[in-house]
2 protein chains.
Amino acid sequence: MGAQSLRVEVLRIGHRPGRDPRLTTHLALAARAMGAARLHLQPGDPAITEHLEDVRRRFGGEFRVEPLKEWRSFLTSWPGTSLHLTMYGEDLDEALPRVPLKEPVLVVVGGAKVPPELYRMATHNVAVTHQPHSEVAALALTLDRLIGTPRGPPPPGARLEILPSARGKRVLERR
Amino acid sequence: MGAQSLRVEVLRIGHRPGRDPRLTTHLALAARAMGAARLHLQPGDPAITEHLEDVRRRFGGEFRVEPLKEWRSFLTSWPGTSLHLTMYGEDLDEALPRVPLKEPVLVVVGGAKVPPELYRMATHNVAVTHQPHSEVAALALTLDRLIGTPRGPPPPGARLEILPSARGKRVLERR
């Protein structure tokens, strides 16, 4: 388990608006639920940004989906470590001890076709298992290892709070 | 971390062939990569079964996607614990100590509309965070907690083995 105060953001390269809406929405929901601060989406997709804005208005927190035109300059100017998720990389667990936890971490998720230079540009190429995987699952497990699965009270600004329940649904609504 | 010898299978209820193909494929890939033995898919979807058969032929292991017409009798005759993933449930970490690790575990993933009786029929209703989440991410984290993320050599029968690499791609092919 990592440091809860570590700032982690996510960069998704090669999103295909219209083709990937549900998958990228799942990626965004997983990033938010697992404590990432931002999803930088290249190219941008207003439908996904708005969907996550709606989630934020109801469930609180600071997570946002921000559109990005050009990922190369964004990645090279990132002020900390970048971790590119790929089944070809090193074991995540072996790379993690070399990630400084005082600088922000950028987790990079490729799309259908990963630009080859990404393998050179990322600080580390890391694999969550060396098997064909879902990038949504790989992202969630990486965030779990970096900052731990969030527990406890809902994020600030939540209008809706789910109360844990053995059976059925309990929702607290703040007006 | 759980027991590597524990048998875990996944039940996906309410798949919509044609509408959910990529998402359910990701669910299946995550289930396989994280060590589940089966995905029982209700209703069945030959395209997804065949996609995962292709993965199995190349990357080995015993994972299969099996079609299921009726989930209620399947769930009630399950010989061990069932864990229904829902944001309304108990904390996964609080339920886990009550899961006997000598019986097989069934992780149940609802679709777009979760049948209300599922909340009564499952042994435990469990949440991975109480936030809107991706079921792909929630499944992967649950499998990580139950059996641990698989490491080490590829599963038996693999024709392709990915060799961990700091840069680029290294693939060992067995003919």
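## Close-up views of a predicted model

**View 1. An open sheet in chain A.** In this predicted model, chain A has an open sheet built from six strands with parallel pairing, and their order is E3-E2-E1-E5-E4-E6. Which strands stand at the edges of the sheet? They are strand E3 (64-67) and E6 of chain A, and because each has a single partner strand, one side of each is left without a neighbour in the sheet. From one strand to the next, the twist averages 30 degrees.

**View 2. Where E4 meets E6 in chain A.** Here we look at one pair of neighbours from the sheet. Strand E4 (residues 81-91) of chain A runs parallel to E6(A), and five bridges join the two. To find your way, look for A:His84, whose bridge partner in E6(A) is A:Asn125.

**View 3. A helix lying across the strands.** Helix H1 (residues 21-33) of chain A lies across strand E1 (8-13), E2, E3 and strand E5 (105-109) of chain A. What angle does H1 make with E1(A)? Helix H1 runs at about 170 degrees to E1(A).

View 4. Most peptide bonds are trans. In chain A, however, the bond from A:Gln42 to A:Pro43 is cis, with omega near -10 degrees. You can find A:Pro43 in the loop between strand E2 (38-42) and helix H2 (46-59) of chain A. Now turn to chain B: B:Gln42 and B:Pro43 are joined by a cis peptide bond, with omega about -10 degrees. B:Pro43 sits in the loop between strand E2 (38-42) and helix H2 (46-59) of chain B.

View 5. Most residues other than glycine have a negative phi. A:Thr129 is not a glycine, yet its phi is positive, at about 65 degrees. This threonine, A:Thr129, belongs to the loop between strand E6 (124-127) and helix H6 (135-147) of chain A. Is A:Thr129 buried or exposed? A:Thr129 counts as buried because it has 23 C-beta neighbours inside 10 Å, and 20 or more are needed for that label.

**View 6. Thr129 in chain B.** B:Thr129 also deserves a look. Its phi is near 65 degrees, a positive value in a residue other than glycine. The loop that holds B:Thr129 is between strand E6 (124-127) and helix H6 (135-147) of chain B. With 23 other C-beta atoms within 10 Å, B:Thr129 is buried.

Note on methods
Residues numbered from 1 in each chain as written. Chains lettered and ligands numbered in written order. Predicted model: local features only at pLDDT ≥ 70, side-chain atom pairs only at ≥ 80, totals over all residues. Helix = DSSP H or I, 4+ residues; strand = E, 2+ residues; numbered from the N terminus. Buried ≥ 20, exposed ≤ 12 C-beta atoms within 10 Å, placed from the backbone. Pairing = 2+ DSSP bridges. Axes fitted to C-alpha atoms, helices over the stretch in contact; angles between N-to-C directions. Contact = placed C-beta atoms within 7 Å.
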